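Student: I've got this one open on my screen and I'd like to talk it through. Could you start with the charged pairs and then move on to how the helices pack?

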Amino acid sequence: MTLGNSMLIPVLPSIRNKLHITSLQVSLLITVYSAVAIILIPIAGYLSDRFGRKIIIIPSLLITGIGGLISGLGAWWLEHPYVVIMLGRALQGVGAAGAFPIVLPLVGDMYKNESEVSKNLGIVETANTLGKVLSPILGSLLAFVVWFLPFLTIPVLCVVSTLLVAFLVRSPKKKDKNEEKVTFRHFLQSLKQIFVNNGRWLTAIFAIGCICMFVIFATLFYLSDTLEDKYHIKGIWKGCVIAIPSAALCLASYITGKKIGENKTLMKWITLSGIVIVTASLVVSGMVQSLYWLITLISIAGIGIGVTLPCLDSLITEGIDKAERGTITSIYSSMRFIGVAVGPPLSSVLVKFSPQLMFYSISGTCVVAALLALFAIKPIQEGKTSK
């Protein structure tokens, strides 16, 4: 699912030139995918709670593949394919809503021991970030053959994923069959009660997750444009350069997921430290002119986000009862997709004024995230996250 979105980042300038559109218009290829997913993810979470995780994941993967096929064939066959590509991307967003976000509660369902849940969520988050590492390289390679090939690769990835989920994933059966008959009204009542009991720290985690994804996609979109327009670095070399910050994020995420265990106090302070690192890196990024320093600083920011994301995942899954995880993780995923949706277009608008304004504006959102981590997330000694 990460490949299906992130591998377009390095080829957006090429798509912009081929279709003769603006940077804002091409950034909407990322935004429309995420905007549709934002709306549908909570509904997919409810449906997965009622009917089962796999029953939602498998059709969603197939819908994502069909969306990629529409975008790819439209780009191949039509003289002016922008609208058709956007429609295909919107359909991909429909599928995305019921695919990756449902993985998080599925992992929570599969393990009884909370430390095992934390460990395996760390692996899932690492797989997610590994997709971001591979994405720019794979996207650049495919676009080198023909610019619209990344779209046509998505159906192949989705078919492979569908087969793997269908035959290798064994989701646990619910012992109480009545749990499967949760009405939508009960779903809304349950959601309201969860926020009454846990609203402060959940809202903080949702906001921090949104800001982290906003930072990732805003900076990578800026880096992609800058490498091609200012430094004339294109093709596979451009993909490799963009992969460096993502690789730093991936490694940090993997190490953190293995080390945090069930210690929620540690998770809080790692989250705060990671955001402070991101903030400082972005502020300095607005001051430098060297490409090497820019890549280094964005990579350091990637490390900050990499240590933060597994902590956020674990705080949610270990702080919320299993019966409520599908609902909460779906909202958390929606918030992350908001960051993905806003990042590229806002970056394209701000950079027209100056790169410094873009970096300082993004770092300002990180200050908000740091304050939320410091004051709103308050774990207590017995291991439950404070209300």
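Predicted model: local features only at pLDDT ≥ 70, side-chain atom pairs only at ≥ 80, totals over all residues.

**Charged pairs and helix packing**

Student: How far apart are the closest N and O atoms in the salt bridge between D109 and R53?

Tutor: Side chains of opposite charge can pair when their charged atoms come close. The cut-off for a salt bridge is a side-chain nitrogen of Lys or Arg within 4 Å of a carboxyl oxygen of Asp or Glu. For D109 and R53, the closest N and O atoms are separated by 2.8 Å.

Student: And how many residues apart are D109 and R53 in the chain?

Tutor: Helices here are DSSP runs (H or I, at least four residues; strands are E, at least two), numbered from the N terminus. D109 is in helix α6 (residues 100-110) and R53 is in helix α4 (residues 53-77). The pair links distant parts of the chain, and the separation is 56 residues.

Student: What sort of model is this, and which atoms do the side-chain values use?

Tutor: Residues are numbered from 1 along each chain as its sequence is written.

Student: Is R53 buried or exposed?

Tutor: Buried means under 20% relative accessible area, exposed over 50%, and partly exposed in between (1.4 Å probe, protein chains only). R53 has 7% relative accessibility, so R53 counts as buried.

Student: Which helix holds R16, the partner of D225?

Tutor: The side chains of D225 and R16 meet in a salt bridge at 3.6 Å, N to O. D225 lies in helix α9 (residues 184-229), so the pair ties together parts 209 residues apart, with R16 in helix α2 (residues 12-19).

Student: What is the relative accessible area of D313, which pairs with R336?

Tutor: R336 and D313 meet in a salt bridge at 3.5 Å, N to O. R336 sits in helix α13 (residues 322-353) and D313 in helix α12 (residues 291-319). R336 is buried at 7%, and D313 is buried too, with a relative accessible area of 2%.

Student: How are α9 and α10 oriented to each other?

Tutor: Axes are lines fitted to C-alpha atoms (for helices, over the stretch in contact), with angles from 0 to 180 degrees between N-to-C directions. The axes of α9 and helix α10 (residues 235-259) come within 10 Å and cross at roughly 155°. Under 35 degrees counts as roughly parallel, over 145 as roughly antiparallel, 65 to 115 as roughly perpendicular and the rest as oblique. The two helices are therefore roughly antiparallel.

Student: And how are α9 and α11 oriented?

Tutor: The axes of α9 and helix α11 (residues 264-285) come within 12 Å and cross at roughly 30°. The pair α9 and α11 is therefore roughly parallel.

Student: One last thing: which residues does Q92 contact, leaving aside neighbours within four places in sequence?

Tutor: Q92 is in helix α5 (residues 82-97), and Q92 is buried, with a relative accessible area of 0%. Contact means heavy atoms within 4.5 Å. With those sequence neighbours left aside, Q92 touches G4, Y33, T64, G67, G68, S71 and I154.

Terms used
Heavy atoms only, no water.
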